[in-house]
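Good morning, and thank you for the time on today's agenda. Please have the display in view, as I shall refer to residues by chain and number throughout.

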2 protein chains.
Amino acid sequence: MTIEPLLKYISNYVTLTPEEESYLTSKVAYRKYLKGQYVLQQGDICKHHCFVISGCTKMFHLDDHGQEHIVLFSIEDWWTSDMGSFISQTPADYNIQCIDKTELIMFSVDVIEDLYAKIPKLERLFRQIIERAFVASQKRIVRSFSLSSKDRYLYFKNQYPKIEQIIPQYMVASYLGITKEFLSKIKAQLNAEE
Amino acid sequence: MTIEPLLKYISNYVTLTPEEESYLTSKVAYRKYLKGQYVLQQGDICKHHCFVISGCTKMFHLDDHGQEHIVLFSIEDWWTSDMGSFISQTPADYNIQCIDKTELIMFSVDVIEDLYAKIPKLERLFRQIIERAFVASQKRIVRSFSLSSKDRYLYFKNQYPKIEQIIPQYMVASYLGITKEFLSKIKAQLNAEE
DNA sequence: AATAAATATTAACATAGATTAACAATTTTA
DNA sequence: TAAAATTGTTAATCTATGTTAATATTTATT
């Protein structure tokens, strides 16, 4: 069954009864996207919080100069949504686009609220997931101020080796907040070092 | 009563019964700090999640070169803690220091878990608070990549006018990720503009 | 009020990283 | 397999911001 990876993911943190599992399964939506398709566009309302079954998405903001700033990559077992837009149902700041053929499990606002009410364990789990995402986000801010571009690249490489394999290099540059040309230079320099 | 501002803050979001309010009150700790005192030091375990009643704190990371990177200012009605350290009881990445005489309401790990269990409304509220903090943190990452230092300063000034009044300028610079000298230059330039 | 401590400014010079533009390599499509 | 499209590299030049150091201003202490 396609939803299996989500149930397995959840079971790492909390134990659901068979009834709870089938209730959850009955409520969420499964959807396949092709490479290049948008799950969300900046300005639209984010209707779903999504769990990635397979594939890869990027979430990015398009600034006034038409520049893309990648905020988040999501691969299997991770989540994606414009949380700000989702929780207040206001226009999104971010685009979410599939970098590969991607399978998602989608939680609508109503469904997620219903699940919180019916299965409090899930509210607890989602709180903990957000807490960890928040911690990671704050750490990224500190790294962006305290590390050089080279060190941020090395950190990324080390932290997300899987992601580096599957995305083009210019997206890594965007995630790191540098130009693709400068990342090229950094890599050349790293190669020269040994 | 010193805890009143916390109850008032909570009442903006959820309605507690008088029993719940007094249970909450019986569980949390109130503490006064003097200017300069540390609530938490990098490397220690963060024992409390704190609500600011009055005063101001800064949370910052000290990097390998001894440089201070300010992650967060907290004034009245806001929260402070090293969330990563608090939730997993591991050594803190951040220092929390009082910039002024500061009054805090402190939630220990045990207390907060007990409150979540006894008053699920509070778990919901805390989830929502974290969600908003996470959204704000992600937006700050995007600003740090898409805006110039000048524009980040203008954003800060506009967003946190109260904080700018009470802290020295070199801390604003640290929060923005620039040197105090460069912030001076930016301000001189802004003054020259009109 | 006088001194000391903390904070802010200014200017000369240095550098990480951006920009531009041309080209090279790889991947996709015909 | 060839052409087109996408991705990556290199090098010259430019710019935002950092560094250093001297000085000025404000605030706290005696």
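This is a predicted model: local features need pLDDT of at least 70, side-chain atom pairs count only at pLDDT 80 or more; totals for chains, interfaces and linings use all residues.

How much area do chain A and chain B bury between them? The figure is about 3400 Å², and 66% of that area lies on carbon and sulfur atoms. In terms of contacts, 35 residues of chain A meet 35 residues of chain B.

Let me turn to how the two chains are related. In general, two copies of a chain are related by a rotation about an axis and a shift along it.

Next, the polar side of the interface. Nine residue pairs are in polar contact across the interface of chain A and chain B. Which elements of chain A supply at least two residues each to the side that touches chain B? They are the strands β4 (57–62) and β5 (68–74), together with the helices α3 (83–88), α4 (109–118), α5 (120–146) and α8 (169–176). Helix α5(A) gives the largest share, with 18 residues. By residue type, this side of chain A comprises 16 nonpolar, eight polar and 11 charged residues.

The charged residues bring us to salt bridges. Side chains of opposite charge can pair when their charged atoms come close. Over all chains, the structure holds 22 salt bridges, and eight salt bridges are found across the interface of chain A and chain B. One salt bridge that joins the chains links the side chains of A:Glu123 and B:Arg127, at 2.8 Å from N to O. B:Arg127 also forms a salt bridge with B:Glu131, at 2.8 Å from N to O.

Where do B:Arg127 and B:Glu131 lie? Both belong to helix α5 (residues 120–146) of chain B, four residues apart, about one turn of the helix. An α-helix has 3.6 residues a turn, so residues three or four places apart point the same way.

For contrast in setting, consider two salt bridges within chain A. The side chains of A:Glu164 and A:Lys157 meet at 3.7 Å, N to O. A:Glu164 is buried, with a relative accessible area of 15%, whereas A:Lys157 is partly exposed at 37%. In the other pair, the side chains of A:Lys180 and A:Glu181 meet at 2.9 Å, N to O, and A:Lys180 is partly exposed, with a relative accessible area of 49%.

I now come to helix α4. In chain A, this helix includes A:Lys118. What does the side chain of A:Lys118 contact? A polar contact of 3.0 Å connects the side chain of A:Lys118 to that of A:Tyr23, and another, of 2.6 Å, joins it to the side chain of A:Asp114. A:Lys118 and A:Tyr23 are 95 residues apart along the chain, and their C-alpha atoms are separated by 9.4 Å.

In chain B, the buried residues of helix α4 (residues 109–118) are B:Val111, B:Ile112, B:Asp114, B:Leu115 and B:Tyr116. What covers them includes α5 of chain A. From chain B itself, the cover includes α2 (18–27), β3 (48–54), α3 (83–88), β8 (102–108) and α5.

A:Ser149 counts as buried, at 15% relative accessibility. Leaving aside residues up to four places away in sequence, A:Ser149 touches A:Ile178, A:Phe182 and A:Ile186.

Thank you for your attention.

Note on methods:
Residues are numbered from 1 along each chain as its sequence is written. Chains are lettered from A and ligands numbered from 1 in the order in which they are written. Side-chain values use heavy atoms; hydrogens and water are left out. Contact means heavy atoms within 4.5 Å. Buried area is the accessible area (1.4 Å probe) that two parts lose on being put together, summed over both. A salt bridge is a side-chain nitrogen of Lys or Arg within 4 Å of a carboxyl oxygen of Asp or Glu. A polar contact is a pair of N or O atoms within 3.5 Å; within protein, one must be able to donate a hydrogen and the other to accept it, and residues adjacent in sequence count only if both atoms are side-chain atoms. Ala, Val, Leu, Ile, Met, Phe, Trp, Tyr, Cys and Pro count as nonpolar, Asp, Glu, Lys and Arg as charged, and the others, Gly among them, as polar. Buried means under 20% relative accessible area, exposed over 50%, partly exposed in between (1.4 Å probe, protein chains only).
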